[in-house]
Amino acid sequence: MSQTYDVLGIGEVLWDLQPDGRQLGGAPGNFAYHCHAQGLRAAPISAVGDDDEGSELLQTLQDRGVDTSLISALKDVPTGTVDVELDNGKPTYTIHESVAWDRIPMTDDALAAARSARAVCYGTLAQRDAVSRETILQLLDATKPDCLRVFDVNLRQSFYDADIVDGGLRRATVFKLSDDETDEVGRLLKMPLDPEPFGEALFERYPNLSLLVLTRGGDGSLLRRRDGEQSDQPTLKSEVKSTVGAGDSFTAGVVTGLLQGRPLAETHAFASKLAAFVVSQSGAMPELPDDLKL
């Protein structure tokens, strides 16, 4: 019998090659780790190479308690890596192509997991190749009607276009993006660029959307429901070591609160607190103290 899951992160798992060493990375893997840390049954759906780097990546995830049974090991393609440079803690990425997570296969276990999931998170990066894109869209279309489908757009380099963004939004119930990404999404979809009309246009064009999540770096973040309820909170002060993975932990905090039925403001406050801790650490998957469990 296939394992059932609360939460799935669908897309890339990889090694972030950071200035201070190699760290686990990839938004879906980071997201799954933080959901697991909150006590949810969580797993990434992805692929690594059938190589030493892939074996080490899987073992490292397992050592941190992450279920890796939905990560395929593929021959003839390498495990994904990303060169990360940090400027005052803010990363820039060089994402290498033709890697395993570009070829995520559809499997019976992945399909069963998608059908059982209470929430899934996906982005644009792993859809840059047609193979993984087809798998991701099939998995999204297999989810239950009441599944939280979180589109964390995560625009990177030139690995996206209007069709990918529109397709992701048409399947999403929650849309998360940064203020840096708002202008680009507005340009791609020919929408207003100012935050208020941008949000209105999103809800009008995509009737499936129920929640907009906007992160604004040091200027705080905004959660806005379709019915107009919103929570606007400042960024919590923290000594920034690296912002890598902070957004993924924030998303995991939001999803945890939503699945627990917490009020929007409480959910938002917890997600902000979690992200503030992650930026003070090296790597996207730090061990969490007990007071960061919702």
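This is a predicted model: local features need pLDDT of at least 70, side-chain atom pairs count only at pLDDT 80 or more; totals for chains, interfaces and linings use all residues.

Colleague: How many residues has the largest nonpolar core?

Modeller: That core has 55 residues, and L8, V165, L169, F175 and L202 have the most contacts inside it. A nonpolar core is a set of buried Ala, Val, Leu, Ile, Met, Phe, Trp, Tyr and Cys residues joined through side-chain atoms within 4.5 Å; buried means under 20% relative accessible area, with exposed over 50% and partly exposed in between (1.4 Å probe, protein chains only).

Colleague: What is L8 in contact with?

Modeller: Leaving aside neighbours within four places in sequence, the partners of L8 include F31, I45, L70, V120 and C121. Contact here means heavy atoms within 4.5 Å. Another core, of 22 residues, lies apart from the largest one and has L211 and F250 among its members.

Colleague: Changing topic, how many disulfides are there?

Modeller: A search of the whole structure finds zero, a disulfide being a pair of cysteine sulfur atoms within 2.5 Å. For C121 the nearest cysteine sulfur is that of C35, 7.9 Å away.

Colleague: Is C121 buried or exposed?

Modeller: C121 counts as buried because its relative accessibility is 5%.

Colleague: And the cavities: what volume has the largest?

Modeller: Its volume is about 80 Å³. On a 1 Å grid over the protein atoms alone, a cavity is a set of points where a 1.4 Å probe fits but cannot get out, and a pocket is an open set with protein on both sides within 12 Å along at least five of seven lines; lining residues have an atom within 4 Å of a point. Grid points are joined across faces, edges and corners, and a volume is the space filled by probe spheres set on the points. Of the 13 residues lining the largest cavity, A27, P28, Y122, G123 and N154 are the closest to its centre.

Colleague: Which residues lie nearest the centre of the largest pocket?

Modeller: They are S178, T215, T243, A246 and G247, out of 47 lining residues. The volume of the largest pocket is about 1400 Å³, and the second largest pocket holds about 160 Å³.

Definitions and conventions: Residues are numbered from 1 along each chain as its sequence is written. Side-chain values use heavy atoms; hydrogens and water are left out.
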